[in-house]
Amino acid sequence: MTFRLTTALAVILGLASPAVAQDKILNVSYDVARELFAEINPVFAEKWQADTGRTVTIDQSHGGSSKQARAILEGLPADVVTFNQVTDIDVLAEGGLLEEDWREAFPNDASPFYSLPAFLVREGNPKGIEDWDDLAAEGVQVIFPNPKTSGNARYTYLAAYAYALDQNGGDQEAAQEFVKKIFANVPVFDTGGRAATATFAERNIGDVLITFEAETGGIAAQYADAKFERVAPSLSVLAEFPVAVVTENAEKNGSAEVSKAYLDYLYTPEAQRILAKHYYRVNDETVAAEVAADFPEVKLVTVEDVFGGWEQAQEQHFAEGGILDSVFVNQ
Amino acid sequence: MRAASTPGALAPREDRTAQYVLIGLAFLGTAFIVAVPLAYIFWRALSDGVAAFAANIIAPDTLHAIWLTSVVALITVPVNIVIGLSAAWLIARFTFPGRKLLLTIIELPFSISPIIAGVCYLLLYGRQGLLGPTLGAADIQILFALPGIVLVTLFVTAPFVTREVLPLMQAQGSEQEQAALTLGATGFQIFRLVTLPNIRWALLYGAVLATARAVGEFGAVSVVSGSIRGQTNTLPLQIELLFNDLNIVGAFAAASTLTLIALIVLIVKTVIEGRVGREE
Amino acid sequence: MTTLAITAAPSGRTKRVLPGFGLTMGLTLTYVGIVILLPVIALMLKGAEIGPARFWEIITAPRAMAALRLTVTAAVIATIFNALYGLLMAWVLVRYRFPGRRILDAMMDIPFALPTAVAGLSLTALFSANGWYGQLLEPAGIKVVYTIWGVAIAMCFTSIPFVVRTVQPILEDLDPQLEEAARSLGATPFTIFRKVVFPQILPAFLIGTTIAFARSLGEFGAVIFIAGNLPMKTEIASLLAVIRLEEYDYNGAAAIALTLMLIALILLALSNGLQWQMNRRRGQP
């Protein structure tokens, strides 16, 4: 008890004076990564101590990734960001907090793992939800978060849109109509992915939850009693999880080195195994081969292929007055 | 409280029926909307057993939230006492133009939704806010850190002490203080020896209310905290975080500590109330 | 008992005789300036920056209108309940003596002492489909959680003390002779209450109701747990302000926040006006 209070005191004092003896980073992350980093952080800390002899404390903040980006712009002192959307880091670059070419700082376009929007349905799949079509049907309640605040939900939007384009031979208007139908079936738009999960799993609202495959896996495992079932759609969008060091803050806090090491660590087989355990898909070939059985095959399209890249997607779809606004009638 | 005309003895029969019905309604209503929700918190916190409850409480993040909440209260309540007394002294003992306006402004936080207070602070201290660039240049971190949490808590608790102390000081008048003054006492002596003993229970009462509010504030703090786990999460925010972590029992365990504080506040308050009555 | 609002006393003879004017004035003004005024001014400046046309557009957009309407409607429901329940509680606590009265009296302060997030958490769990209350209500077809009723119940809980605590002291101070006179003239208890008691407690009752209403409009912590926050349906205005903030839409956030603040200020002025009138009527300064 006394020990804990002393540590707590040290942390409080640490808030006031940035110059502390040990390394310390704040990882600002998206909403559903809570359990993931809770597992990765101690393993990295151990490794860091073995490699350098220094201790490192890693603090976490989770929320819808656009909301988190805004908080960083407002002064939340993130050393590293682990987001689920390129645009949310681009916003930080525009704000002058990190370099424009941040994607080149780490392998694979600074995206150490990936996932895709997938479905979680209730026991026995009473509404027979197998693919995106079924979400637009009347009488189906669909749960996913607010695309304005959650990167997770923007992937859902893009995946539904891409599916409709695929089905209708690239007809944009048909795609918009289709997505509009799905949005009309959403009773609640939470600000983050985890709040949406709580709405579905805890509050018992909705017939299907759309979120990252990683989250559907984790929730199905955690709520073993509820017997939720995971459903993989026939087509989905590859969701990248870009990472970056927030250079300005890291330099100010003297944490640039450990921040980089932390993000580099995510690419190691050890970390990739933890990621796979949390139902993320990984690029490390050995690890990917080990866990291949856990991940159903899904046709994955990329934002580059279908939407001409993030910049264009942002402009056409997500910017004020974009297609999302016309689809998101409830706003 | 005075014993009002007790109708029990005097009232005719139909009065007594009405009395029982009304008392019954009062008990029923209060049980339904106050007592059960209160009891439920403890019931749910303990639903996985005492061991699980204890484990939830001493989880490092929750423990830290308890600590942070205490620190915030320990800073804001004394500040509230000093400023509340100062404002009460100023308004009760002097006349100056704008006195009523000052009083209205001090009471303002009581009517403004705390969430709006949070938005105000963000617009002021955020990097894109009014003072953001200046603070950024000076490398001063206010939002998403202890100073921001303390400031918004000061905002929402600002009226409490003044509100309790001022009416009493006004009612008592300043004759005693002026007598002390003619006897050659200094300002601080007058305050310490004459004023303070007269208002101490009202002061304590205000401080207790401010403590309850400081410990429990949610809306305003949620806007400026940045919810860094184990760092800038106060106890009420920790409850929401645990709830969204899908750790419902943990959320209720954290909530039960706040409920306990609330109950202690109530007991202290009830004890003090009698004394405030006597002061008046 | 909690005092109502503060009224500035007439000064008379005490004109700057006592020391400490400069010190307390300096301290108070600095504090009020930094902690209260500066942030409020920041909001007002932001609001002014938006311009009246855009401001109006933001406030009258369907979702904002729906949020404001829901907030006001739910607050009205909560306040009506609190007005009746508060009156009942004040009456029972002052006029009757019965076992458990003190506990009942202390219970009235629980919503004031209990953090709103805790209240929200508990109410949500109780009223949800598999909760203690939900199990009883759901078969009857009554849904509370994620509906306007949930919002109203959360608001109701957090503003319970206001009517009780403003009416109680006035009721205690009433002159029993008036009622006895009425009774001796053969008036029924209800008539006595309506014609003799109620007019006397009316100003306090109105003040309590106004404060309860203002508090309900501003409630956040308790509501967001139970509301489900469905846009157009159960999303309260203050939450919409936060959502706008999170969407980087600062103008939207500021406009909604400013509107809520203006409503709060009007209600504050109203309750201060009532207070002033009541004091005058009771012959106090």
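The side chains of A:His62 and A:Gln60 make a polar contact at 3.2 Å. A polar contact here is a pair of N or O atoms within 3.5 Å; within protein, one must be able to donate a hydrogen and the other to accept it, and residues adjacent in sequence count only if both atoms are side-chain atoms. This is a predicted model: local features need pLDDT of at least 70, side-chain atom pairs count only at pLDDT 80 or more, and totals for chains, interfaces and linings use all residues. Residues are numbered from 1 along each chain as its sequence is written, chains are lettered from A and ligands numbered from 1 in the order in which they are written, and side-chain values use heavy atoms, with hydrogens and water left out.

**Around A:His62**

A:His62 belongs to strand 2 (residues 56-62) of chain A. Helices (H or I, at least four residues) and strands (E, at least two) are DSSP runs, numbered from the N terminus. The residue is buried, at 7% relative accessible area. Buried means under 20% relative accessible area, exposed over 50%, and partly exposed in between (1.4 Å probe, protein chains only). A polar atom of the A:His62 side chain also lies 2.8 Å from the backbone oxygen of A:Tyr30. Leaving aside residues up to four places away in sequence, A:His62 touches residues of chains A and B, including A:Asp31, A:Arg34, B:Ser227 and B:Arg229. Contact means heavy atoms within 4.5 Å.

**Salt bridges**

Over all chains, the count is 32 salt bridges. The rule asks for a side-chain nitrogen of Lys or Arg within 4 Å of a carboxyl oxygen of Asp or Glu.

| Lys or Arg | Asp or Glu | Closest N to O |
|---|---|---|
| A:Arg34 | B:Asp245 | 2.5 Å |
| B:Lys269 | C:Asp109 | 2.5 Å |
| A:Lys299 | A:Asp166 | 3.6 Å |

Take A:Arg34 and B:Asp245, which form a salt bridge. That pair crosses between chains, from helix 2 (residues 34-52) of chain A to the loop between helix 13 (235-244) and helix 14 (248-279) of chain B. Both A:Arg34 and B:Asp245 are buried.

The salt bridge of A:Lys299 with A:Asp166 stays in chain A. A:Lys299 is in strand 13 (residues 299-301) and A:Asp166 in helix 7 (residues 151-167), so the pair ties together parts 133 residues apart in sequence. A:Lys299 is partly exposed at 46% relative accessibility. A:Asp166 is partly exposed at 43%.

C:Arg165 is buried at 7% relative accessibility. C:Asp105 is buried at 11%. Elsewhere, salt bridges that share partners join A:Asp31, A:Arg34, B:Arg229 and B:Asp245 into one network.

**Chain C against chain B**

Here 99 residues of chain C contact 108 residues of chain B. The buried area is about 9,400 Å², with 76% from carbon and sulfur atoms. Buried area is the accessible area (1.4 Å probe) that two parts lose on being put together, summed over both. The count of salt bridges between the two chains is 1. The interface also has 9 residue pairs in polar contact (both at pLDDT 80 or more). Helix 1 (residues 21-50) of chain C gives the largest share of its side, 20 residues. By class, that side has 72 nonpolar, 14 polar and 13 charged residues. Ala, Val, Leu, Ile, Met, Phe, Trp, Tyr, Cys and Pro count as nonpolar, Asp, Glu, Lys and Arg as charged, and the others, Gly among them, as polar.

**Chain C against chain A**

Chain C and chain A bury about 1,600 Å² between them, 50% of it on carbon and sulfur atoms. C:Tyr146, C:Glu246 and C:Tyr248 supply 37% of the area that chain C buries there, more than any other three residues. Helix 13 (residues 237-246) of chain C gives the most to the chain C side, with 4 residues.

**Helices in chains B and C**

Chain B has 14 helices and 0 strands. Buried residues make up 59% of its 280 residues. In chain C, 24 of the 34 residues of helix 3 are buried.
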